[in-house]
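Open the model in your viewer and keep the sequence panel beside it. The tour moves from one selection to the next.

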Amino acid sequence: MSDQLDISVVIPVFNSEQSLNELAQRLTDVLTGEGLLYELIFVEDYSSDGSWKVLKQVKEQHQKVKLIRLAKNYGQHNATLCGFRHAKGNLILTIDDDLQHQPEDIPQLLEKMRGEDVDIVYAISKDYTHKKGYRKAGSKIWKFGTKNFDEALGEGSSFRLIQREVVEKVCEHRQHFIFIDEMLHWYTEHIAIIKVKFLPRAKGQSGYSGIKLFLMGINLAVFYSSVPLKIMTYGGLLMSLVTFAVGVYFIAKKMIWGTPVQGYTSLIVAIMFSTSLMLICFGVIGQYLGKIYTVLNNKPTYSIKEKHL
């Protein structure tokens with residue numbers, strides 16, 4: 001493409017009006033210092049603060065800024081996909097809007113990409129000091145799960161540098177629920193990692209509450225893995241073996257030793273337990289059927305309300 005650039009920076013934005021000016025300036029300084037032809041693509045994900053107003057001011061100050069405003073809140077990954085589809089760079093960099101990721105670390109990602117034959121470079125945190133409480137625990141659980149159950153890398157962040165060829169493949173997807181890291185792993189295992197310092201969020205609050213993180217985890221498990229179904233299968237097999245062994249024990253106890261089988265309470269407990277287990281399994285299956293229905297309905301990944309390119 002004649003108008004293709006060296007790098008496109010995609011920044012999903014949600015309730016970050018206080019950090020956008022500084023972020024744009026620091027990105028501009030770093031990329032200009034690297035001598036790159038670049039563009040900054042801010043995708044405003046229906047913030048409730050003045051982020052869109054601030055972004056329009058940012059565009060007036062920086063010629064290479066492009067703005068996209070979504071019609072409702074679709075989530076960080078859907079907003080990132082929207083930015084991918086508007087990117088013209090040979091490389092695409094994604095970075096958060098809250099200054100936890102430092103733009104001054106971008107040269108390290110570029111150096112790693114140039115020095116190794118890889119499709120993706122992730123910048124991950126040297127530690128978890130920038131996270132607190134359930135977020136730290138959630139990150140560790142997600143990494144353990146993706147590595148041991150999904151055969152994925154087990155590492156990742158939203159601070160990443162990606163080759164255009166991989167991004168173009170991701171852009172072909174049309175499902176409603178998008179999880180960028182999982183989709184990237186579908187197309188390549190040529191992935192490198194560098195460790196950098198992530199900072200605590202200096203201003204505002206994260207858009208991911210505990211409930212949102214929990215619901216995203218459920219969607220991730222249902223849309224991108226068969227782990228819940230495997231748990232149901234193996235759990236059902238284990239319960240069948242245990243039940244069979246207990247049944248054999250009581251039959252032998254009755255026929256060989258003549259001991260009467262007692263236990264009205266234990267019978268009720270067993271019935272209630274098995275019934276609740278079946279209801280849980282039906283609920284898991286219902287989640288899968290609901291997601292299939294959503295996909296068949298062609299629910300949009302996002303809808304653009306306004307853009308200034």
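Begin with strands E2 and E3. Select E3, residues 65-70: five bridges join E3 to E2, and the two strands run parallel. This is a predicted model. Pick Ile-41 and look across to E3, where Lys-66 stands opposite. Then pick Glu-44. Its opposite number in E3 is Arg-69.

Stay on E3 and show the surface.

Eight strands make an open sheet, ordered E7-E5-E6-E4-E1-E2-E3-E8, with mixed pairing. At the edges are E7 (191-196) and E8 (304-308), each of which pairs on one side only. From one strand to the next, the twist averages 20°. As background, strands of a sheet pair through backbone hydrogen bonds, in either a parallel or an antiparallel sense.

**Strand E4 and its two partners**

Select residues 89-94. This is E4, a mostly covered strand with five of its six residues buried. Turn to E1 on one side: E1 and E4 run parallel and are joined by five bridges. Val-10 stands opposite Thr-94 of E4.

E4 and E6 pair in the antiparallel sense, over four bridges.

**Arg-160**

Zoom in on Arg-160, which sits in strand E6. Is this arginine buried or exposed? Arg-160 counts as buried, because its relative accessibility is 2% and the cut-off for buried is under 20%.

What do its polar atoms meet? The side chain of Arg-160 makes a polar contact of 3.0 Å with the side chain of Asp-181. A polar atom of the Arg-160 side chain also lies 3.1 Å from the backbone oxygen of Ser-157.

Now show the wider surroundings. Leaving aside neighbours within four places in sequence, Arg-160 is in contact with residues including His-77, Ile-92, Leu-109, Val-121, Tyr-122, Ile-180 and Leu-184. Draw a distance from Arg-160 to Ala-123 as well. Their C-alpha atoms are 6.0 Å apart, although 37 residues separate them along the chain.

**Helix H1**

Select residues 20-33. H1 has 14 residues and spans 20 Å from first C-alpha to last, close to the 20 Å expected at 1.5 Å a residue. View it against the sheet: H1 lies across E1 and E2, and runs at about 160° to E2.

Color the buried positions of H1. They are Leu-20, Leu-23, Ala-24, Arg-26, Leu-27, Thr-28, Val-30 and Leu-31. The general rule for reading such a pattern is that an α-helix has 3.6 residues a turn, so residues three or four places apart point the same way.

What covers the buried residues of H1? The cover includes strands E1 (5-13) and E2 (38-44), together with helices H2 (51-61) and H4 (106-115). Step past the end of the helix. H1 is followed by Gly-35, which has a positive phi, near 70°.

**The nonpolar cores**

Show the nonpolar side chains. The largest nonpolar core has 37 residues, and Ile-7, Ile-11, Leu-40, Phe-42 and Leu-161 touch the most other members. H1 supplies the largest share of this core, six residues.

Center on Ile-7. Beyond its neighbours within four places in sequence, its contacts include Leu-31, Leu-36, Tyr-38, Leu-91, Leu-93, Leu-110 and Leu-161. Apart from this core lies another, of 25 residues, among them Val-43, Ile-68, Tyr-122 and Ile-162.

**Last stop: Ser-51**

Select Ser-51, a residue of helix H2. Ser-51 counts as buried because its relative accessible area is 0%. Look for Asp-49 next: the side chains of Ser-51 and Asp-49 make a polar contact at 2.7 Å.

Which residues beyond its neighbours within four places in sequence are in contact with Ser-51? They are Val-13, Asn-15, Ser-16, Glu-17, Leu-20 and Glu-44. Two of these names have come up before. Leu-20 is among the buried residues of H1, and Glu-44 stands opposite Arg-69 in E3.

Conventions. Residues numbered from 1 in each chain as written. Predicted model: local features only at pLDDT ≥ 70, side-chain atom pairs only at ≥ 80, totals over all residues. Heavy atoms only, no water. Expected span 1.5 Å × (residues − 1). Buried < 20%, exposed > 50% of the residue type's maximum accessible area, 1.4 Å probe, protein only. Contact = heavy atoms within 4.5 Å. Polar contact = N/O pair within 3.5 Å; in protein donor to acceptor, adjacent residues only side chain to side chain. Pairing = 2+ DSSP bridges. Axes fitted to C-alpha atoms, helices over the stretch in contact; angles between N-to-C directions. Core = buried A, V, L, I, M, F, W, Y, C linked by side-chain atoms within 4.5 Å.
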